[in-house]
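Reader: Could you walk me through this one, from its domains to how its copies are arranged?
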There are 2 protein chains.
Amino acid sequence: MITRDDCQKLDDADVLAPLREEFTLNDNEIYLDGNSLGPVSASVRRRVNEVLDDEWGRGLVRSWNDAGWMGEPTRLGNRLAPLIGAQPGEVLVADTLTFLIAKLIGAALEQRPERHVVLTDAANFHSDIYIIEAMCERAGRPVTMKTIDRDRLDEELNDDVALVELTHVDYRTGESLDMAGITERVHAAGALMLWDFAHSAGAVPLDVTGANVDFAAGCGYKYLNGGPGAPAFLYVRKSWQGKLRNPLPGWLGHARPFDFELTYEPAEGVQAFVTSSPSIIALAALDGALDIWERTSMEEVRAKSLAMTDLFIQLVEERLPGVFEVVTPRDHAKRGSQVALRHPEGYAIIQSLIERGVIGDFRSPDICRFGFTPLYLRFVDVFDAVERIASVMESASFRDQRFAVRNAVT
Amino acid sequence: MITRDDCQKLDDADVLAPLREEFTLNDNEIYLDGNSLGPVSASVRRRVNEVLDDEWGRGLVRSWNDAGWMGEPTRLGNRLAPLIGAQPGEVLVADTLTFLIAKLIGAALEQRPERHVVLTDAANFHSDIYIIEAMCERAGRPVTMKTIDRDRLDEELNDDVALVELTHVDYRTGESLDMAGITERVHAAGALMLWDFAHSAGAVPLDVTGANVDFAAGCGYKYLNGGPGAPAFLYVRKSWQGKLRNPLPGWLGHARPFDFELTYEPAEGVQAFVTSSPSIIALAALDGALDIWERTSMEEVRAKSLAMTDLFIQLVEERLPGVFEVVTPRDHAKRGSQVALRHPEGYAIIQSLIERGVIGDFRSPDICRFGFTPLYLRFVDVFDAVERIASVMESASFRDQRFAVRNAVT
């Protein structure tokens with residue numbers, strides 16, 4: 001069985017270990033909820049206060065030009081682009097994920113005017129489903145959203161499908177989909193592909209260029225650690241730029257925003273998908289959070305992520321055999337950076353864990369989610385988390401659940 | 001003629017004078033651009049860092065509940081409501097102004113299904129016009145945006161007009177429209193009224209309840225000093241709530257956001273107009289900025305604003321007779337909190353003024369804008385600003401403009 005010493009040795013050899021000190025974490029707390037909200041880092045604090053004190057404080061309105069605020073959505077987009085395998089000029093950062101998906105749905109549907117169906121996953125995050133449906137209703141022609149079992153996508157693809165929208169890593173199960181393969185099959189059916197990277201960006205290596213993805217969007221507050229409600233990001237492949245209309249246009253996406261023209265003329269490139277002034281303070285937080293990626297790579301992060309999720313699954317099965325169903329795929333190719341454990345008492349288990357300083361979360365009806373973020377978590381944290389899970393399962397409140405908890409090997 | 005001593009006496013008697021120390025302003029600079037971007041205040045810095053250090057830093061994901069993040073859009077809406085004469089539960093803060101206008105246009109058009117026209121002002125801010133047009137196009141029936149001369153509104157109102165959208169204070173001229181009178185005439189024609197308060201909120205007293213306004217939206221970064229690209233606010237009169245659909249729905253506007261239901265069911269009240277997680281850091285900045293209103297009222301601010309704009313106009317006419325056309329109405333009832341001066345060399349004049357530490361801005365083709373924000377400006381600032389304008393007009397670069405500059409009385 002795996003010991004805590006084994007885990008300590010893994011930490012001693014971990015090239016990412018020094019990054020932990022950049023983050024603010026509570027003593028004696030193991031934070032396994034970075035898949036919901038990443039923690040604050042020193043560079044976030046520094047960058048936000050630089051905007052407050054210098055750019056806004058001293059530069060005031062001049063900073064729209066002098067500090068480059070006008071270009072922040074695309075500058076941050078270019079900083080973020082390598083994390084998803086995009087090229088410079090293909091990504092922007094602004095708004096929230098739901099608005100960015102709205103823009104991409106509206107723009108995409110105009111590119112397949114003869115088709116009337118948008119396919120999405122019945123297990124998708126609900127906000128995606130609400131906005132897809134709303135934008136279908138406003139497409140200017142009859143367009144229907146169809147929610148399907150994603151494993152039956154191939155059977156649902158036909159020449160009436162305009163667009164497929166899928167979340168790349170399932171927010172409940174942590175299953176990662178085959179981006180390249182699915183995109184290829186969607187294209188073969190003549191449809192377009194929009195990926196939601198909410199649980200992928202910063203979590204798993206992504207190659208939108210290699211996978212020939214049309215459109216994507218993701219959020220800044222999970223594995224990118226940009227803060228609660230951080231601005232989201234949008235990807236539009238270069239070959240689509242100039243051909244699409246932003247369905248929610250605003251002055252900052254105009255070719256000449258300061259000419260105050262009454263006729264909308266889109267800016268060149270991905271800038272056309274900017275609507276109006278995003279919060280510069282919110283962008284600054286995400287900007288600071290992206291600094292960490294100058295000290296590592298998605299490849300290093302992925303290697304540690306897989307080692308951590310493997311370790312967690314192994315420890316759970318050693319210490320708590322048969323107690324939980326491990327919902328997350330064991331196949332590395334199908335795994336995001338979280339592990340989902342199914343248990344009928346999941347809600348109560350998570351509440352007890354939080355009281356004992358292991359922060360995971362619960363997703364209805366029976367999923368305990370644990371996110372593993374290699375930038376600030378240690379292998380001993382994984383060990384200690386499983387010890388505390390075992391301790392919770394041994395406690396009085398779960399005695400009526402029949403299972404065996406093995407003794408820890410420390 | 002008015003002397004600097006006269007102005008100093010006004011400052012000595014000014015009840016708002018102590019508020020100035022809350023704001024960060026540059027030495028020897030007179031900031032007359034708060035109508036574009038208000039300055040940072042101590043309470044903004046304090047509140048943003050409280051979120052970074054405590055709520056996000058220590059509370060992490062728990063703060064969505066424990067620190068009340070889930071309720072921030074409506075809590076801040078309730079804080080802001082008195083500034084526009086709204087009741088608790090009628091205002092929310094989130095997103096950007098353009099998105100909020102999009103939501104209100106979409107929702108309003110469904111309430112007048114037999115009508116096909118949206119009227120707006122040809123002098124409106126261009127972003128309003130772009131988004132109105134975009135939402136008309138997606139109304140699900142033929143709806144046309146018609147841009148009109150707002151002074152001819154009565155002639156344009158007929159039984160095909162579904163909605164009128166007007167910006168209450170003109171961003172170029174500073175003219176303030178008759179909110180109650182126009183709203184009444186729009187209602188008499190059977191249409192609905194949406195006001196844009198971008199240049200009104202925090203600048204002039206507003207009474208949406210008394211004026212029976214249907215919908216309104218405004219921005220947080222001008223006279224509300226919430227920071228560059230601050231979240232915007234939306235007003236929906238109580239009697240409309242529950243009857244409208246949010247055309248850009250998201251999970252935070254759902255009745256049960258954590259039930260992850262695939263069918264959208266709107267939350268009660270104005271919460272239904274929230275889409276997805278707004279930036280909590282951006283909201284914190286606006287929250288801090290609103291603290292100043294606990295120490296004053298719109299009535300006090302309005303009285304000083306009118307005194308300052310009166311003073312500025314008088315000084316400009318005394319010192320620079322015939323040099324500028326004063327575009328802003330002299331009638332107090334028609335004046336916002338800025339003064340617009342027309343001059344064919346307006347662009348160069350503003351550039352020279354900025355070099356001399358008077359920060360105004362230019363709006364094409366020939367408008368010099370000067371915003372007067374009583375929370376942090378002094379009457380001597382008004383005097384000194386006009387002195388520097390006179391100095392610029394006397395300088396070599398403007399010698400070819402024929403005019404007389406009278407000697408200052410200091």
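Author: Gladly! Domain bounds here come from an automatic or database domain assignment. This is a predicted model, in which local features need pLDDT of at least 70, side-chain atom pairs count only at pLDDT 80 or more, and totals for chains, interfaces and linings use all residues. Residues are numbered from 1 along each chain as its sequence is written, with chains lettered from A and ligands numbered from 1 in the order in which they are written.

Reader: What separation do the centres of domain 1 and domain 2 of chain A have?
Author: The assignment for chain A gives domain 1 as 4–16 + 297–398 and domain 2 as 44–294. Taken over C-alpha atoms, the centres of domain 1 and domain 2 of chain A are separated by 30 Å.

Reader: Which element gives the largest share of the side of domain 1 of chain A that touches domain 2 of chain A?
Author: Contact means that C-beta atoms, placed from the backbone, lie within 7 Å; 18 residues of domain 1 of chain A are in contact with 14 residues of domain 2 of chain A. Helices (H or I, at least four residues) and strands (E, at least two) are DSSP runs, numbered from the N terminus. Two or more residues of that side come from each of strand 10 (338–342) and helix 10 (298–319) of chain A. The largest share, four residues, belongs to helix 10 of chain A.

Technical notes
Contact = placed C-beta atoms within 7 Å.
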